[in-house]
Amino acid sequence: MVEWADTDAAGHHHNSAIVRWVEAAEAELMRELGIPDYFPVAPRVQQLLNFRGKLWFGQQVIASVWVERVGTSSLTLGFDVVGRPCDRSAGGKAADGTITTVHVPPCSTVSAPWPEKMRYALTGGTP
């Protein structure tokens with residue numbers, strides 16, 4: 001839901017709210033995949049965010065995240081954020097885009113291939 005703190009002076013969602021909602025959906029996806037240890041080893045290297053529409057205070061929001069591509073050490077996630085209809089809006093897509101992360105093992109400063117357990121989970125069990 002769009003809370004008062006998620007809005008800006010224009011009365012609609014602030015751009016940073018999209019990032020928080022997508023990160024929450026990303027965390028849920030990783031829990032569902034059984035890899036809660038993903039975040040400490042998967043820094044973002046690119047984020048593309050397309051703003052498509054406005055969301056208003058009190059509006060229900062659905063953020064969805066999915067795996068688009070698993071590389072040797074990289075991962076690209078797709079996302080969209082959709083608002084349900086409210087008094088001021090017919091609803092619809094508010095934002096979409098991609099997030100790219102890389103696997104950087106603990107105590108390292110360079111990327112490395114995804115561990116087999118993570119790769120298996122991210123690919124749905126396909127090699």
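Predicted model: local features only at pLDDT ≥ 70, side-chain atom pairs only at ≥ 80, totals over all residues.
Residues are numbered from 1 along each chain as its sequence is written, and side-chain values use heavy atoms, with hydrogens and water left out.

View 1. Helices (H or I, at least four residues) and strands (E, at least two) are DSSP runs, numbered from the N terminus. Reading from the N terminus, the order is α-β-β-β-β-α. The C-alpha trace covers about 50 × 30 × 20 Å along its principal axes. Of the 127 residues, 40% count as buried, meaning under 20% relative accessible area with a 1.4 Å probe, protein chains only.

View 2. Buried residues of α1 are A17, I18, W21, V22, A25, E26, A27, L29 and M30. Their cover includes β1 (44-51), β2, β3, β4 and α2. Just past the helix, G34 takes a positive phi of about 80 degrees.

**View 3. The largest nonpolar core holds 26 residues.** Such a core is a set of buried Ala, Val, Leu, Ile, Met, Phe, Trp, Tyr and Cys residues joined through side-chain atoms within 4.5 Å. I18, W21, M30, Y38, L55, L77 and V81 touch the most other members. Two or more residues each come from α1 (15-32), β2 (61-70), β3, β4 (92-102) and α2 (116-122), and α1 gives the largest share, seven residues. Zoom in on M30: beyond its neighbours within four places in sequence, M30 is in contact (heavy atoms within 4.5 Å) with I35, P36, Y38, F39, L75, L77 and L122.

**View 4. F79 lies in strand β3 (residues 74-83).** F79 counts as buried because its relative accessibility is 1%. Setting aside neighbours within four places in sequence, F79 is in contact with I18, V22, L48, L49, S64, V65, W66, D96, G97, T98 and I99. The C-alpha atom of F79 is 17 Å from that of T123, 44 residues away along the chain.

Technical notes: Buried < 20%, exposed > 50% of the residue type's maximum accessible area, 1.4 Å probe, protein only.
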